[in-house]
Amino acid sequence: MDTWQRRTLLYVVGLAGIMLGYAVAYDYGMSAFENDPREFLHSLQVVVETFTTTGFGSDAPWESTGMRLLVIVMDITGVVLIFLALPVLLFPLFEEAMETEAPSHVEQSLSDHIVICHFTPRGETLVTELETWDVDYVIVEPDRDRADDLYDEGYHVINADPQSVEGLKQAHLESARALVADASDQVNTSIVLTAREVDEAVRTVSVVEEPNRAKYHDLAGADAVVSPRQLLGESLASKVTTGVSTTLGEDFEIGVDFDIAELPIHRGSDLVGTTLAESGIREETGVNVIGAWFRGQFVSPPGPDAELDGSTVLLVSGTAAQLERLKSKTLSSVRGFRRGQTVVVGYGEVGQTIAEELAVAGVPYTVLDRTEKAGVDVVGDATEPDDLRAAGVEDARTVILALSSDTDTEFATLVIRDLNPEVEVIARAEETENVKKMYRAGADYVLSLATVSGRMLASTILEDENVISMDQQVEIVRTDAGHLAGDTLGEADVRSRTGCTVLAVERNGAVLTDLGPDVEVEYGDKLVIAGTDDGVNLFTDIYN
């Protein structure tokens with residue numbers, strides 16, 4: 001029996017007892033004070049009429065003081081009980097009726113969907129990606145309150161235990177495209193084992209927090225094991241290493257000598273302070289600027305008046321030689337004459353990956369961490385100026401903040417910016433919602449773990465869609481020419497209509513990357529386009 005039912009029972013029993021008590025008192029009063037005896041049933045009727053405010057019938061008025069006082073008390077009691085019933089019984093009843101409750105199973109017709117076990121911040125990015133590609137999903141959340149909240153927010157969720165066979169069957173795992181286990185390492189392996197019991201053939205993707213535990217996920221039967229922290233560390237380190245950071249993997253190629261890269265503009269570069277039109281990037285290097293991140297916000301395509309600064313990261317396409325030419329323009333003009341090094345703050349999984357990448361690239365670095373262990377050069381607190389000075393922040397060229405606490409990262413950014421106004425600050429964010437605060441604190445480049453890992457999961461699951469997701473808000477997609485066939489690129493004006501950039505045309509086994517406005521799209525061509533989620537959706541709506 002729940003709380004509301006208990007309250008209702010107590011109220012009804014109490015009300016009946018009070019009414020019977022007043023009926024006995026009224027029956028006695030009519031005989032003793034009014035000298036006008038009544039049947040007990042009539043006395044009970046009068047009490048009911050009084051409590052329900054429907055009137056007193058022929059018994060009013062009363063002549064004796066005792067009866068008048070009794071009726072007054074009955075009137076007050078009836079009103080109090082009525083108003084008491086509203087907050088105690090009726091309001092909770094209405095609230096319960098209005099509350100949305102997550103279902104315990106999905107519709108029978110659901111198939112070819114993604115089963116997401118547990119919901120984390122990276123799950124938000126994953127769901128956004130799935131919705132972009134019109135892929136159905138269901139979140140299996142064991143916590144009732146959490147499931148109800150997600151259901152209230154509009155997510156497709158069921159309240160079930162993903163570690164049980166019954167729970168995964170309620171999510172129709174047998175007809176699903178894939179399963180994503182996104183909880184702790186131990187829970188994820190349990191989910192994968194359960195999934196194998198339900199359906200041996202279903203594709204399973206497991207998230208691993210500790211990379212050294214990946215083999216246990218493999219042993220449990222996971223088809224793919226995703227390590228978000230390692231990817232985040234590699235991405236952060238790529239902003240410092242001198243090599244061009246290409247964004248396409250081996251499974252997604254555009255021609256033999258053509259790639260897409262993210263190139264950060266460093267403080268001290270000649271490009272800082274110029275607009276895109278003034279920079280001469282296209283004329284001097286030959287690369288195609290697909291988009292750019294301005295303080296974490298992706299713009300595609302950027303306007304000619306967009307101003308470049310030390311926090312700008314360009315997303316460009318071109319040959320290896322063209323990318324190298326642009327890379328030399330993005331570096332500081334005094335970079336080679338300065339003996340500054342990189343300071344890595346935080347030596348967890350992300351920090352260790354960063355250090356390994358820097359070592360491979362031959363970039364000198366110093367590690368600061370609050371725990372003394374192998375690989376740590378300076379033991380100290382990232383929020384303490386003296387400890388940061390000891391790590392060499394005042395003379396450093398770049399500081400990479402790899403802390404697990406966003407609050408500490410924000411504070412450390414303020415301290416670092418005060419110690420060395422010219423240093424480049426690259427930061428890791430645990431939560432996407434804190435990225436803007438880090439930029440306001442003075443960070444030059446911020447990567448969110450939730451965003452990186454969510455898109456990494458989407459890329460792993462949607463591999464048959466030929467989608468490669470970047471670290472933030474942009475996608476590279478191979479798609480059919482659709483309604484573009486028969487038009488030239490100049491006539492189609494894809495960039496201004498959708499915000500997407502056509503990078504290449506695949507035709508009869510050949511790849512065309514030198515695309516001018518006069519290039520005509522033919523039937524059967526496949527296009528490689530780049531753009532934001534919304535831009536890709538708009539392209540699909542218009543041309544496909």
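**Close-up views of a predicted model**

Both Phe 539 and Tyr 543 are buried. These two residues open a series of legends to a structure that is a predicted model.

**View 1. An aromatic pair within helix H20.** Phe 539 and Tyr 543 both belong to helix H20 (residues 533–543). They are four residues apart, about one turn of the helix. Their rings form a tilted aromatic pair, with 4.9 Å from centre to centre and 50 degrees between the planes. The structure holds four aromatic pairs.

**View 2. An aromatic pair between helix H1 and a loop.** A pair of aromatic rings is described by the distance of the centres and the angle of the planes. For Tyr 26 and Trp 62, the ring centres are 6.3 Å apart and the planes stand at 90 degrees, so the pair is edge-to-face. Tyr 26 is part of helix H1 (residues 3–32), whereas Trp 62 lies in the loop between helix H2 (40–51) and helix H3 (65–98). The pair therefore ties together parts that are 36 residues apart in sequence. Tyr 26 and Trp 62 are both buried.

**View 3. Glu 39 in the loop between H1 and H2.** The loop between H1 and H2 contains Glu 39. Is this residue buried or exposed? Glu 39 has a relative accessibility of 63% and therefore counts as exposed. Its C-alpha atom is separated by 7.4 Å from that of Asp 27, twelve residues away along the chain.

**View 4. The open sheet from E3 to E6.** Six strands form an open sheet in the order E3-E2-E1-E4-E5-E6, and their pairing is parallel. Strand E3 (157–159) and strand E6 (224–226) are the edge strands, each pairing on one side only. On average, neighbouring strands of this sheet are turned by 20 degrees against each other, direction ignored. Within the sheet, strand E1 (residues 114–117) and strand E4 (residues 178–181) pair in the parallel sense over four bridges. Ile 116 stands opposite Val 180 in E4. Helix H17 (residues 449–461) packs on this sheet and touches E1, E4, strand E5 (203–207) and E6. The direction of H17 makes about 160 degrees with that of E5.

**View 5. The open sheet from E14 to E17.** Another open sheet of six strands, with parallel pairing, has the order E14-E13-E12-E15-E16-E17. Strand E14 (378–379) and strand E17 (445–448) stand at its edges with a single partner strand each, so one side of each is left without a neighbour in the sheet. Strand E15 (residues 398–401) runs parallel to strand E16 (residues 424–429), and four bridges join them. Val 399 has Val 425 in E16 as its bridge partner. Helix H13 (residues 349–361) lies across E12, E13, E15 and E16, at about 160 degrees to E12. H17 packs on this sheet as well, touching E16 and E17, and its direction makes about 55 degrees with that of E17.

**View 6. Strand E13 and its partner E12.** Four of the five residues of strand E13 (residues 365–369) are buried, so this strand is largely enclosed by the rest of the structure. Strand E12 (residues 342–345) runs parallel to E13 and is joined to it by four bridges. The bridge partner of Val 345 in E13 is Leu 368.

**View 7. The nonpolar cores.** In soluble globular proteins, nonpolar side chains tend to be buried together. The largest nonpolar core has 56 residues, of which Leu 236, Val 345, Ile 354, Val 399, Leu 401, Ile 416 and Val 446 touch the most other members. Not counting residues up to four places away in sequence, the contacts of Val 399 include Val 343, Val 345, Ile 416 and Val 425.

**View 8. Strand E22 and its antiparallel partners.** Strand E22 (residues 526–531) has five of its six residues buried, so it is largely enclosed by the rest of the structure. Strand E19 (residues 475–480) runs antiparallel to E22, and six bridges join the two. Here Ile 476 stands opposite Ala 530 in E22. Strand E20 (residues 501–507) also pairs with E22 in the antiparallel sense, over five bridges. In this pairing, Glu 506 stands opposite Lys 526 in E22.

Key
Residues numbered from 1 in each chain as written. Predicted model: local features only at pLDDT ≥ 70, side-chain atom pairs only at ≥ 80, totals over all residues. Heavy atoms only, no water. Phe/Tyr/Trp six-rings, centres within 6.5 Å; stacked < 30°, edge-to-face > 60°. Buried < 20%, exposed > 50% of the residue type's maximum accessible area, 1.4 Å probe, protein only. Pairing = 2+ DSSP bridges. Core = buried A, V, L, I, M, F, W, Y, C linked by side-chain atoms within 4.5 Å. Contact = heavy atoms within 4.5 Å. Axes fitted to C-alpha atoms, helices over the stretch in contact; angles between N-to-C directions.
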